[in-house]
Amino acid sequence: MISVNNITMRYGAKILFEDVATAFVAGRRYGLSGPNGSGKSTFMKLLSGEMEPQKGVVVRPKKMGVLGQDQFAFDQYRVIDTVIMGNPGLWAALEERELIYSKPDMTNEDGMRLGELEGTVAEEEGYTAESDAAILLQGLDIPDSLHERKMSEIQGGQKVRVLLAQALFGNPQALLLDEPTNYLDLDSIHWLQSFLNDYNGTVIVISHDRHFLNSVCTHTADIDYETIITYTGGYDDMVMQKTQVRSRIESQNIQREKKISQLNEFIQRFSAGTRSSQVTSRRKEVERLQTSELARSNIARPYIKFEPKRPSGKHVLEFEGVSKAYGDLKVTNNFSATVMRGEKVVLVGRNGTGKSTLIKALLANAPGLDMDPAGIDSGKVTWGHEAAPGYFAQDHQGAIEKGMTTYDWLHQFDPQASAEEIRGLLGQMLFRGEEGMKPTQALSGGEAARLLFCKLMLSKPNLLIFDEPTNHLDLEAINALNVALQKYEGTVFLVTHDHDLIDEVATRIWHFQDGAIEDFKGPYEEYVMHAEKAGMAVR
């Protein structure tokens, strides 16, 4: 169990949470919710011991698994060793044992110490450590061929998955996981869900994946109103309960204010008369009924609405015998398809199967986009009449020029747009007041994503192409994007591992696997049923 007592954290005049007392019980899985900037990661650092609270006490178990955020901290170690280091006591014993065995001559003291170390290794299940670590790595799609490699030799997304395996290793009593689904494909996310649902300790997780939170969490600890309130159930359950509680308090306050108004009217009329005792009792009643001012929620919900300036032709895009490889990776071979206006195509598959590569290849000759000329290897891609694509890249921060304000950067894409229109779009994306003049080099990942949504709303394309748009968004922004894509009347290509986005937006699935693309015309739920009947893994 993890408990906090009278914890307070504030930065200047901004209070994140004050005098919080709560406990996280073994066997329960808690989602830590709240918008960007509410203090989720700060609270997680307090729980792990990485930060000390300004006030209050944290009580934590001896053995905790914490998802590390420094991708370069273990570059000198093998991948398999990095995972085993998730159990510090075992790793220290293994290192010391190796040091003693490397001595040319061992003393009696060395022999006695070896006996103690072997006892520690046995207690911590060290004799199966490498095989246990390998099972975790395989579940997170780190192939056996990488297990002996150094961390410095693998990609950033793979490093994050190794650090997740490190946090899960060694049967910790509690798991603290900050954005564990980042860089995971759907198959790895489903594996992690199963792992956590079978885990017996305390889990506290921050995630922007609503489906993941709803699938895993038994409780949700919500940071809002300058405090932390725990609700039963997943994210959707929390939103419903929170709304109901807030509505009930507001309704009670309205009734109290109405009663106070009636009492004050009586006091005013008869305060100078002969009914002084009744006036006195009513004054006491007013004091008792006095409503306390409700703390303001720090949740900010963006409003996204994509509208095509004009519709495209009926046939938006045609692929004829398209083949594409990226180095040794074969993305697809002889792929043909026709995409019709209004279809919403979601590209799914394991990481590294070529989804982003195909997107970039088809954009190489896209009208109105200045893209890398490296297109397809063979075949033909034909854009339909009046097709006007808008693109959101996975590495999207590089698309925003530095040294400008957000207002000036956005305005350059439509110099004819009025100041009110530009400010209105920025306001919809939560760049309000002075935020609209924020320097582009100071934008966070989430702010950069929201600014690119502004650009797409301003330019009004009739074909939207999104490559992992949710990576830096909070849940409110992801929900807004989900609704906007469902309502959008144009055509969509979407690469994402967000289950709810796939489930609620897709009308067509392109599944990348083994150098081929399976083209399924229908929503994701039907595709899953089709795949299960065919005995295929859904990824």
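What follows is a short chat about how some labels in this predicted model come about.

Reader: What should I know about the model before we start?
Author: It's a predicted model, where local features need pLDDT of at least 70, side-chain atom pairs count only at pLDDT 80 or more, and totals for chains, interfaces and linings use all residues. Residues are numbered from 1 along each chain as its sequence is written, and side-chain values use heavy atoms, with hydrogens and water left out.

Reader: How many helices and strands are in the protein chain?
Author: The protein chain has 17 helices and 18 strands. Both are DSSP runs numbered from the N terminus: helices are H or I with at least four residues, strands are E with at least two.

Reader: Why is N87 called buried?
Author: Buried means under 20% relative accessible area, exposed means over 50%, and partly exposed lies in between (1.4 Å probe, protein chains only). N87 has 3% relative accessibility, so it counts as buried. N87 sits in the loop between α2 (79-84) and α3 (88-101). Across the protein chain's 539 residues, 50% count as buried.

Reader: What is N87 in contact with, neighbours within four places in sequence aside?
Author: K63, E124, F169 and G170. Contact here means heavy atoms within 4.5 Å.

Reader: What makes α13 oblique to α14?
Author: The axes of α13 (residues 419-428) and α14 (residues 445-459) cross at roughly 135° and come within 9 Å. Angles under 35 degrees count as roughly parallel, over 145 as roughly antiparallel, 65 to 115 as roughly perpendicular, and the rest as oblique. The roughly 135° crossing therefore makes α13 oblique to α14. As for the angle itself, axes are lines fitted to C-alpha atoms, for helices over the stretch in contact, and angles run from 0 to 180 degrees between N-to-C directions.

Reader: Which residues meet there, in α13 and α14?
Author: From α13 there are E421, I422, L425, L426 and Q428, and from α14 L451, C454, M457 and L458. That contact divides into 7 nonpolar, 1 polar and 1 charged.

Reader: What makes β5 and β9 edge strands?
Author: The open sheet has 6 strands in the order β5-β6-β7-β3-β8-β9, with mixed pairing. β5 (64-66) and β9 (227-232) each pair on one side only. Pairing needs at least two DSSP bridges between two strands.

Reader: How do you know that β8 pairs with β9?
Author: 6 bridges join β8 (residues 219-224) to β9, against a requirement of at least two, and the two strands run antiparallel. In that pairing, T220 stands opposite Y231 in β9.

Conventions
Nonpolar A, V, L, I, M, F, W, Y, C, P; charged D, E, K, R; others polar.
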